[in-house]
Each structure stands twice: as C-alpha cells, then as structure tokens.
Amino acid sequence: MGTLDIDFVRAQFPAFAEPSLQGQAFFENAGGSYTCKPVIDRLTRFYTQRKVQPYAPYDASRLAGEEMDEARTRLAAIMGVETDELSFGPSTTQNTYVLAQAFRQWMRPGDAIVVTNQDHEANSGPWRRLADDGIEVREWQIDPDSGSLNPQDLENLLDEKVRLVCFPHCSNVVGEINPVTEITAIAHAAGAFVCVDGVSYAPHGLPNIGDLGPDIYLFSAYKTYGPHQGCMVIRRSLGEMLPNQGHHFNGDSLYKRFTPAGPDHAQIAACAGLADYVELLCVHHGGPETGASAQGGFVHDLMRGHEVALLQPLLDAVKDRNTLRLLGPSDANRRAPTVALALNRAAEPVAAELAQHGVMAGGGDFYAVRPLTAMGVDAEQGVLRLSFTHYTSQQEIDQLLEALDSVL
Ligand SMILES: Cc1ncc(COP(=O)(O)O)c(C=O)c1O
C-alpha cells in the first residue's frame with residue numbers, strides 16, 4: 001500500500017488555507033469534518049446556476065436533476081451497491097426514525113429486535129420505542145471495561161422471533177471497529193436483518209457495503225467531507241418488502257420509499273463531489289484507473305494507513321496516564337481515530353483549555369449516553385474526545401500531544 005500525499009490531500013480542503021483557521025488543529029472531526037473542494041465547488045455551482053426545480057425539460061433543471069442522479073450513481077458504485085439502493089435524507093437520525101416507522105408497520109406484536117448499548121442514540125432510541133407497540137427489545141450489551149461487543153453474546157440473544165439486529169460499525173466513543181461481516185452472518189443465520197450505523201466509520205474510508213453484507217448501512221455525509229445529508233443504503237430485498245414511507249405514487253422507486261421529506265436538491269447534487277474526491281485521490285496516488293469500487297477500496301486503504309500511523313503514538317501517549325481512562329482499544333489497528341478519554345473531572349472545561357493551545361476538540365456525552373453509562377463513565381462529566389481523519393498532519397498530532405501534556 002502506498003503512502004498518502006498529505007500535502008496533496010490538504011490542498012483539496014479550503015479550510016486549511018483559510019486565514020482565520022491558521023494555527024488551529026482540528027480534532028472534533030467525529031462531530032463533522034471539513035468539506036472538500038469538489039463538494040464546495042458543486043454546491044456553489046448548483047446555487048448559482050441550477051437552483052431550480054430539477055428534472056424539468058429546460059437546461060438548468062435538466063442539469064440539476066442529472067447531477068443529483070450522478071451523486072447516487074457514483075457513490076453507490078464506490079460502495080458496491082446498486083444506484084437505487086442508496087438514498088439521501090436530512091440526517092442519519094431522521095433516516096433511522098423513518099426506518100423504525102417502516103419496521104413498526106411490518107413487525108407483529110411478539111416479534112423482537114436487538115439493539116446495543118454501544119450505539120449513538122440515533123441507532124438506538126428509535127428502535128427501542130417499538131416496545132410501545134408490543135415489540136420485544138433485547139439489548140446486546142458491551143463489556144463494561146473494554147466497551148467491546150462480543151458476537152457470541154449476540155448469538156445468545158437470537159431466536160426465531162428476532163427480525164432485526166441494530167449495531168454500529170464503530171461507536172463514536174469506544175472507537176472499536178466491529179466485525180460487520182461476521183455479525184451480519186450470525187444475524188442472517190438466525191433469520192434477522194441487520195441495520196448498521198456507519199456514521200463513525202465511513203469518514204475513515206467509504207466501505208464496500210456490498211462486500212460487507214448488511215441489509216441497511218447508514219452514514220452522514222457532513223462527516224465524510226460533504227454536505228449535511230444522511231446517506232442510507234437499503235438493500236433491495238428488504239427495501240421492497242418494508243412498507244413505503246413516501247408518497248404513495250413514489251412507492252415503486254426504491255430510493256424514494258424511506259425519504260418522506262422533499263430532497264435537498266443542492267446538497268444531494270454536491271454529494272457527487274465526494275465521488276470526485278475519491279477519484280482524485282485514487283488517480284493522484286496511482287490507484288486503479290477504472291472501477292469505482294476498486295478505486296474506493298484503494299482510497300479507503302490509503303486513508304486508513306495514514307490514520308493508523310498517526311493514531312498509535314496518540315494512543316501510546318494517553319493509555320497509561322493514571323489521571324484518565326482511554327475508552328476502547330489501545331491498538332490503532334483495531335479502532336478508528338476517534339479517541340475518547342474519561343478524566344477525573346468534567347471534560348468540557350478541558351476542551352476549552354485545549355482551545356487556548358490552538359486545539360479544537362470537544363467534551364461531553366456526544367449522544368452516547370448509553371455506552372458511557374455502561375462503562376461506568378459519568379455522562380454528565382462526559383469525555384474529552386479527540387478525533388481526526390486522513391487529512392490530519394503529523395504536525396497537528398505533535399501540537400495535540402504538546403497541548404495534552406500541558407493540560408492534563
Ligand atoms: C455514530 C453516530 N451515529 C449517528 C449519528 C447521528 O447522525 P446525524 O447527525 O446525521 O443524525 C452520529 C452523530 O454524531 C454519530 O456519531
């Protein structure tokens with residue numbers, strides 16, 4: 001695997017050339033990433049040249065519609081799924097909410113679902129509320145020390161009543177990468193579908209969802225260098241079976257069945273910029289010349305290689321400090337660069353101190369109250385979260401380590 005050309009990468013993000021951000025090292029990427037130039041360019045072009053009702057027979061409208069289609073076609077190809085299996089909604093939280101309504105109508109009292117206490121609330125609360133309609137909710141629990149989900153524990157929760165298993169590809173506080181393919185196989189063998197929250201994983205390389213195997217995979221484009229959209233892959237066999245949640249006359253379009261809101265035309269079109277960015281990185285680094293999913297895989301591995309190399313020294317610097325607790329694995333290969341630290345005091349003031357050192361980070365519960373509580377962390381005090389991505393430089397990591405030394 002090649003090495004990521006970090007200067008080239010950073011040149012694709014206008015934020016790094018922005019005078020007001022100079023000297024500021026950004027470590028709250030799990031909350032929302034910087035936006036890449038191809039996305040900003042497309043958004044600007046849409047708002048200046050194509051901001052009309054799309055899919056009508058005049059040029060501005062035709063181009064608007066074509067660009068929205070392009071976004072779905074190219075991103076779906078990168079992720080190894082069919083174009084109409086990808087849809088966009090306002091956010092991942094709203095997407096799970098709509099999906100839960102579809103399952104509410106499809107399931108029967110006495111049926112069961114499995115949720116975890118490792119998930120962000122977005123992939124937990126909407127499913128748990130199905131209990132109001134007589135659905136049995138079973139909780140797959142993390143180990144209180146490591147924060148890990150053990151697939152064997154899931155096997156013990158499954159039987160013929162379980163219709164759906166919801167879990168994260170990677171928690172936004174534990175950071176550990178869950179074996180999606182293995183978990184999916186276990187659920188499928190028991191006759192259940194799976195819904196994977198990929199929000200904390202996708203920023204570290206768009207996955208090949210076709211290869212991974214889940215029935216539903218969700219992520220948020222505003223954390224993957226794009227606009228504020230929730231992206232939702234629903235595989236055809238499940239999507240066509242669940243009751244349509246959109247307008248009745250749109251029920252035959254798979255990609256319209258679970259997005260009752262009117263689509264955000266400009267932002268969906270701008271998501272094609274994410275595909276531009278993947279292609280740009282692939283070509284620059286001498287990756288495959290054709291095949292969107294091969295290019296996506298190549299870029300995924302490039303990003304991951306860079307992140308793992310930068311992450312290990314950060315983990316080494318914090319894992320043995322006796323004034324804090326590192327949540328999740330201390331081996332960079334097993335986790336995303338989303339590093340939550342439980343301190344012996346409230347985390348937000350510490351984030352404020354880091355800001356004095358030019359480090360932008362956050363403190364709080366990050367809507368992960370359940371995993372924090374399950375691990376014995378006081379959610380009120382919260383955790384200090386340091387999260388980065390492939391565009392983070394060694395220099396920024398050094399700045400962070402120095403700031404941590406001074407603050408902790
Ligand atoms: C792991 C995870 N899942 C889901 C969400 C919710 O995503 P959205 O803001 O698109 O609703 C977040 C947001 O922070 C998240 O970190």
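Into which domains is the protein chain divided? Select 6-35 + 292-407 for domain 1 and 43-275 for domain 2; these bounds come from an automatic or database domain assignment. The model is predicted, so local features need pLDDT of at least 70 and side-chain atom pairs pLDDT 80 or more, while totals for chains, interfaces and linings use all residues. Residues are numbered from 1 along each chain as its sequence is written, and side-chain values use heavy atoms, without hydrogens and water.

Show both domains together. Their C-alpha centres lie 25 Å apart. Domain 1 puts 38 residues into the contact and domain 2 puts in 34 residues, where contact means heavy atoms within 4.5 Å. The area buried between them is about 2,800 Å², with 55% from carbon and sulfur atoms; buried area is the accessible area (1.4 Å probe) that two parts lose on being put together, summed over both.

Next, select Glu121 and Arg370. Their side chains form a salt bridge at 2.8 Å, N to O; the rule asks for a side-chain nitrogen of Lys or Arg within 4 Å of a carboxyl oxygen of Asp or Glu. Across the interface of domain 1 and domain 2 there are 2 salt bridges.

Finally, go to Thr389, in the loop between strand E13 (383-387) and helix H15 (394-407). Helices (H or I, at least four residues) and strands (E, at least two) are DSSP runs, numbered from the N terminus. Is Thr389 buried or exposed? Thr389 is buried, at 1% relative accessible area (buried is under 20%, exposed over 50%, partly exposed in between; 1.4 Å probe, protein chains only). Beyond neighbours within four places in sequence, Thr389 contacts Asn29, His204, Tyr225 and Glu307.
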